[in-house]
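Hi,

Here's the structure I said I'd pass along.

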Amino acid sequence: MQASNDILPATGPAIILVEPQLGENIGMVARAMANFGLSELRLVNPRDGWPSEKARAAASRADHVIDAARVYGDLASAVADLNFVFATTARARDNFKPVRGPVEAGRALRARQRSGQRTGILFGRERFGLYNDEVGLADEIVTFPVDPAFSSLNIAQAALLMSYEWMKSGLEDETKTNFSSPDMMPATKEQLHGLFAYLEGALEARGYFRPAAKKPKMVDNLRAVLTRAGFAEPELKVLRGIISSLDRFSPAMPRGDGSPGDDPRRLPAAARPAKAADKDQA
């Protein structure tokens, strides 16, 4: 397949893979790109040819990236229409090019894209990356803060990191996520105190507060634990339901063995008649 003369809109940096060896790796790069809103994939002399069914399978439905991928015979042709290019590398190079981290690189790419420039990111071969003369075709270098003792990244991993930084750089708030926890109204003090009273009554009936002289301190500790979290109203309902279930049922009188109203022993301990409660504790 030859490179197309069609120019894609500058919606993000082109991801350029130089002589990728495995179709599976190309597919995983396409999947990482799609995860973070990139779609322009350029391949320079893929070893096993193109198109590749292995790449499509590994792309996990990122077919729009695979279908639009363009193949070039050399790197110079692959970057010819771009205004700015980063080269990824894990080792120092003997040149004078500026070196950026991924966060700074993502922001730089975003700024250039907003000014109408076409940008790209070079990724080298699985085994040894980019040659020095290939790095020479780029404007700047981007490297990752990896462990120097084991700095090699799979091209899909490297593409994922850069794609993530690209998307993050376009967020109004870089810490914002696509979804959040449910918005729950904090419980009122009346609701919280009601839970305290219910729990204290159940524990009192079960003989929890022993010795009796220590009960005030034990109650204080219990209230301190339950107020620390700042419960929402639905959370208090869950806790109250748990306490109620533990209070009504036991291994000797399991759930399903009659309804709570069939036997006074099934009433919450705090609400049982004194005689029935005493007998249960005996």
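Below is what turned up, starting with the aromatic side chains. Keep in mind that this is a predicted model.

There are four aromatic pairs in the structure. One of them joins Phe-36 and Tyr-164, edge-to-face, with 5.7 Å from centre to centre and 75 degrees between the planes. Phe-36 sits in the loop between helix H1 (23-35) and strand S2 (41-44), while Tyr-164 belongs to helix H7 (residues 155-169), so this pair ties together parts that are 128 residues apart in sequence. As for cover, Phe-36 is buried at 18% relative accessible area, whereas Tyr-164 is partly exposed at 37%.

Another pair is Phe-84 with Phe-86: the ring centres are 5.1 Å apart and the planes are at 85 degrees, so this one is edge-to-face. Phe-84 is buried, with a relative accessible area of 4%, and Phe-86 is buried too, at 0%.

Another arginine, Arg-110, lies over the face of Trp-166, at 3.6 Å from the ring centre.

Now for the surface. Val-238, Ile-242 and Leu-246 make a nonpolar patch of about 300 Å². Leu-246 is part of helix H10 (residues 233-248). Its relative accessibility is 61%, so Leu-246 counts as exposed, the cut-off for that being over 50%.

Cheers

Definitions and conventions. Residues are numbered from 1 along each chain as its sequence is written. This is a predicted model: local features need pLDDT of at least 70, side-chain atom pairs count only at pLDDT 80 or more; totals for chains, interfaces and linings use all residues. Side-chain values use heavy atoms; hydrogens and water are left out. Patches are made of residues with over 30% relative accessible area and no salt bridge: like charges are joined within 9 Å, nonpolar side chains (Val, Leu, Ile, Met, Phe, Trp, Tyr) within 5 Å. Accessible areas come from the Shrake-Rupley method with a 1.4 Å probe; for residues, only the protein chains shown count as cover. A salt bridge is a side-chain nitrogen of Lys or Arg within 4 Å of a carboxyl oxygen of Asp or Glu. Helices (H or I, at least four residues) and strands (E, at least two) are DSSP runs, numbered from the N terminus. Buried means under 20% relative accessible area, exposed over 50%, partly exposed in between (1.4 Å probe, protein chains only). Rings of Phe, Tyr and Trp (its six-membered ring) pair if their centres lie within 6.5 Å; planes under 30 degrees apart count as stacked, over 60 as edge-to-face and the rest as tilted. A charge sits over a ring if NZ of Lys or CZ of Arg is within 6 Å of the ring centre and within 35 degrees of the ring normal.
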